[in-house]
Amino acid sequence: DLLERRWTLSVLYASVDGATRFNEFREALGRVPPATLTARLTELVEAGLLERHVLDTRPPAVEYRLTPRGRHFEPIVHAIVRCARR
């Protein structure tokens with residue numbers, strides 16, 4: 001169900017491609033509404049595909065990284081990208 005939601009695969013792709021912070025995801029995804037991006041990141045964290053790390057900085061910063069479970073989706077994401085480029 002989660003993977004069918006709009007922007008979910010794009011967020012996973014951006015994460016595989018190296019995005020870790022909210023603004024990096026926004027830059028990678030383009031026109032994604034901020035509220036939607038927040039919702040997708042939260043859902044992916046709750047599903048165990050991303051980890052959320054709060055950095056001890058001023059102001060606090062948050063990074064998102066693929067979990068081992070999330071890394072299982074890397075080959076699928078790369079296959080979808082290859083198909084889309086053909």
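These questions and answers cover an aromatic pair and the surroundings of one arginine in a predicted model. Local features need pLDDT of at least 70, side-chain atom pairs count only at pLDDT 80 or more, and totals for chains, interfaces and linings use all residues. Residues are numbered from 1 along each chain as its sequence is written, and side-chain values use heavy atoms, with hydrogens and water left out.

Q: How many aromatic pairs does a search of the whole structure find?
A: Rings of Phe, Tyr and Trp (its six-membered ring) pair if their centres lie within 6.5 Å. Searching the whole structure gives a count of one.

Q: Are the rings of Phe-25 and Tyr-64 stacked or edge-to-face?
A: Planes under 30 degrees apart count as stacked, over 60 as edge-to-face and the rest as tilted. The two ring centres are 6.3 Å apart and the planes stand at 80 degrees, so the pair of Phe-25 and Tyr-64 is edge-to-face.

Q: Is Tyr-64 buried or exposed?
A: Buried means under 20% relative accessible area, exposed over 50%, partly exposed in between (1.4 Å probe, protein chains only). Tyr-64 has 11% relative accessibility, so Tyr-64 is buried.

Q: Which residue's backbone oxygen does the side chain of Arg-40 reach?
A: A polar contact is a pair of N or O atoms within 3.5 Å; within protein, one must be able to donate a hydrogen and the other to accept it, and residues adjacent in sequence count only if both atoms are side-chain atoms. The Arg-40 side chain also has a polar contact of 3.1 Å with that of Glu-43. At 2.9 Å, the backbone oxygen reached by Arg-40 belongs to Arg-6.
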